Amino acid sequence: MNLISPEIPGLVWAYRFLPGESRCQRIANDASIDGLLKGDGWIWLHLALSDARTPALIERIGNLPPAAVTTLTSHDTQAAITVSDDIVHGTLVDFERTFDAVTKTIGWLHFAVNDRVIITTRLHPLRSIDRVKAAVEKSTKCARPIDLFEMLVVEFQRTLISLVLELTEELNVIEDHVYGEAGHRQQPGLAPLRRTVVRLHRHLRTILALLRRAGASEEDEVPPGFIDVTERLSDRLESVDRDVFALQERARLLHEEIDSKISSETNRHLYILSLMTAFLLPPTLVTGFFGMNTGTLPFADGSGTLYAALFIALSMGLAWWILRRIGIL
C-alpha cells in the first residue's frame, strides 16, 4: 500500500488496460493523478479506506457524481447496486483474508464503474479481489471496465462455491456426531455455521434482486454491456444461492433433530423423576405420621419401627400396583 506518496494516497494497486493488448500495465505508486486520467485505455484503481486521505483523493479523480463518491468512501455493511448518470456504483459482499490465511468473515467491496475507470475500495484485505488481481496480471480478457466488474462478481461466486463445499464438509461431521453413538450433548460448530449460511443467503438474495433491478434499466442509462452482464451474473449467483439455501435447510433440520433429541431426553428424565416421586410419596406420609409429636400414637410403646417399615413397604407396593393399573408403568 502506498502511504507515502502525496499523489495517490491509500493506493493498493492500479492497472491500465489498453485496447488490443493481451496484458495490462501496472501503474507505478508514484504516478500522478493527471497521468492516470490522461493516458489511453481505461484504468482500475484499488484503494484502501484505512487511509484517511482516500476520500479526498476519490473526490479528485474520475469526475464521479456525489452519490458514487459517497458509496466509495462509506463503511456500509449492506449490499447495494445503483445506476445513475452512466455510472454503476454500490457495495458487494466478499470475504476477508489475513496475511497468511483466508477467513469466513464477511467483508465489503465498494465500487464505481463507468466507461473510463473502475474504482474499488475496501477497509480490510479481501479474498476474491486478490484473485482477480492475479488473473488480470497473468492474462487479461477485460476489454471494458464493466468486464472487470463481471470478473469480480464471478470470482466471488467461485469463492462461494468453495465455501459451500467447506461448510458442507463441516455439516457432514456434525451430522455424524449427532446421529452417531456420541449423541447430541455437544453441537460443535453448528451455531456459527448456521449464522454464516443465513447471512450468506440474505446477502445473495439482496444482490440478486439488485442485479435484476439494475438490469431492467434503459440501455442509454448504463455503461455499454451492463445489461448483458447482469443477466449472466444473475444466472451464476442464482445457482449458488440454491446451494446455500439447501445448506441452510440441512442445518435447520439438523438443529431441529438436536432439539427433538434433547426434548425426548428431558421428557424421559421427567418421567423417571415423576415415578420416583410417586413411589416415595406414600413412605413420606407414613414416616410423617409416625413422626408426629402427639400422644397415644399406635405402637409407641412396642416395636413400632418394625410396623412402620411394614407400612412403608405396603405403601410402596400399593403405589406400584396403582401405577401399573392405570398404565403408567
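Which residues in α5 meet which residues in α6? In this predicted model, local features need pLDDT of at least 70 and side-chain atom pairs count only at pLDDT 80 or more, while totals for chains, interfaces and linings use all residues. Residues are numbered from 1 along each chain as its sequence is written, and side-chain values use heavy atoms, with hydrogens and water left out.

On the α5 side, the contact (heavy atoms within 4.5 Å) is made by Phe156, Leu160, Leu163, Leu167, Glu170, Leu171 and Ile174, which meet Leu190, Leu193, Thr196, Val197, Leu200 and Leu204 in α6. By class, eleven of these residues are nonpolar, one is polar and one is charged (Ala, Val, Leu, Ile, Met, Phe, Trp, Tyr, Cys and Pro count as nonpolar, Asp, Glu, Lys and Arg as charged, and the others, Gly among them, as polar). Helices are DSSP runs of H or I with at least four residues, and strands are runs of E with at least two, numbered from the N terminus. The axes of α5 and α6 (residues 190-215) lie 11 Å apart at an angle of about 150° (lines fitted to C-alpha atoms, for helices over the stretch in contact, with angles from 0 to 180 degrees between N-to-C directions). The two helices are therefore roughly antiparallel (over 145 degrees; under 35 is roughly parallel, 65 to 115 roughly perpendicular and the rest oblique).

Helix α5 (residues 145-179) also packs against α4 (residues 127-138), where the axes come within 9 Å and cross at roughly 125°. This pair is therefore oblique. Arg127, Ser128, Ile129, Arg131, Val132, Ala135 and Val136 in α4 meet Leu148, Met151, Leu152, Glu155, Phe156, Thr159 and Ser162 in α5. This contact has eight nonpolar, three polar and three charged residues.

Six aromatic pairs are found in the whole structure (ring centres of Phe, Tyr or the six-membered ring of Trp within 6.5 Å; planes under 30 degrees apart are stacked, over 60 edge-to-face and the rest tilted). Phe95 and Phe156 form a stacked pair, 6.1 Å centre to centre with 25° between the planes. Phe95 lies in strand β5 (residues 87-97) and Phe156 in α5, 61 residues apart. Phe95 is buried at 0% relative accessible area, and Phe156 is buried at 6% (buried is under 20%, exposed over 50%, partly exposed in between, with a 1.4 Å probe and protein chains only). The rings of Phe149 and Phe226 form a tilted pair, with centres 6.4 Å apart and planes at 40°. This pair links α5 to α7 (residues 226-290) across 77 residues, and both Phe149 and Phe226 are buried.
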